[in-house]
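This briefing is meant for a reader who is meeting the structure for the first time. Please look through the sequence and the model before turning to the points that follow.

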Amino acid sequence: MSTTDIPTGESGPRYVRLQVELVLEITGSGELTDAALDQIGGDEYMPDDERQHAEASVRQDESEALAYLVDPFDLVTSVPGIELVQASWSCAHTEYDPDSDEWDLYDDEADDEADDEADEEVDEEADIDEEEPRGR
């Protein structure tokens, strides 16, 4: 069942999955690390052994620092009429080429399906051409 087949409103599910993907460029590694260390140091509920592990991770990897600073809850707290039920997120270094098709954020499934169908038609035409006698 596709998402367009799921009934909405009173008769349908009350849950919505919001997927967000961001690619960020780190322009100030020291600033990012310092901010994460401040966040960890100010967390009064974090146990000491977990705090030591978190601080070591943040010092070693900027993506860990970013993960400690970004909280999906902050994205939706001011949106009326919703309650955050579940959230997960991760940060990792990635290769990024803005000119690559892999990073085309506007390439939707409809375009992919049309391309696949066009490719299948070309393949079928190639098969037909091979079956026809060549030359006279």
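How many helices and how many strands does the secondary structure of the protein chain come to? The protein chain has 5 helices and 0 strands, and its elements, read from the N terminus on, run α-α-α-α-α. The model is predicted, and every value below should be read with that in mind. The protein chain has 136 residues, of which buried residues make up 12%.

**The salt bridge**

- A search of the whole structure finds 1 salt bridge, in which the side chains of Asp 48 and Arg 51 meet, with a distance of 4.0 Å from N to O.
- Both partners, Asp 48 and Arg 51, belong to helix 2, which covers residues 48–60, and they sit 3 residues apart, or about one turn of the helix.
- Side chains of opposite charge can pair when their charged atoms come close.
- Is Asp 48 buried or exposed? Asp 48 has a relative accessible area of 57% and is therefore exposed, because a residue counts as exposed over 50%.
- Arg 51, by contrast, has a relative accessibility of 15% and so counts as buried, since the cut-off for that class is under 20%.

**The largest pocket**

- Rolling a probe the size of a water molecule over the atoms shows where empty space is left.
- The largest pocket has a volume of about 1900 Å³, and its lining is made up of 37 residues.
- Which residues lie nearest the centre of the largest pocket? They are Leu 18, Gln 19, Val 20, Pro 72 and Ser 88.
- Sorted by class, the lining of the largest pocket consists of 22 nonpolar, 8 polar and 7 charged residues.
- Two of the helices, helix 3 (62–69) and helix 4 (72–76), each contribute at least two residues to the lining of this pocket.

**The nonpolar surface patch**

- Leu 18, Val 20, Leu 22 and Leu 24 form a nonpolar patch on the surface, and together they have about 460 Å² of accessible area.
- Leu 18 is located in the segment before helix 1, the helix that covers 29–41, and Leu 24 is also found in the segment before helix 1.
- Leu 18 is exposed because its relative accessible area is 65%, and Leu 24 is exposed because its relative accessible area is 54%.
- Leu 18 and Val 20, two members of this patch, are also among the residues that lie nearest the centre of the largest pocket.

**Pairs that are separated along the chain**

- Leu 24 and Thr 94 are 70 residues apart along the chain, while their C-alpha atoms are separated by 9.7 Å.
- Gly 30, which is found in helix 1, is 29 residues from Arg 59 in sequence and 9.1 Å from Arg 59 in space, taken from C-alpha to C-alpha.
- With a relative accessibility of 43%, Gly 30 counts as partly exposed, because this value falls between the 20% and 50% cut-offs.

Terms used:
Residues numbered from 1 in each chain as written. Predicted model: local features only at pLDDT ≥ 70, side-chain atom pairs only at ≥ 80, totals over all residues. Heavy atoms only, no water. Helix = DSSP H or I, 4+ residues; strand = E, 2+ residues; numbered from the N terminus. Buried < 20%, exposed > 50% of the residue type's maximum accessible area, 1.4 Å probe, protein only. 1 Å grid on protein atoms, 1.4 Å probe; cavity = no way out; pocket = protein on both sides within 12 Å on 5 of 7 lines; lining within 4 Å. Points joined across faces, edges and corners; volume = space filled by probe spheres on them. Nonpolar A, V, L, I, M, F, W, Y, C, P; charged D, E, K, R; others polar. Patch = residues over 30% accessible without salt bridge, like charges linked within 9 Å, V, L, I, M, F, W, Y side chains within 5 Å. Areas by Shrake-Rupley, 256 points an atom, 1.4 Å probe, with all protein chains shown as cover.
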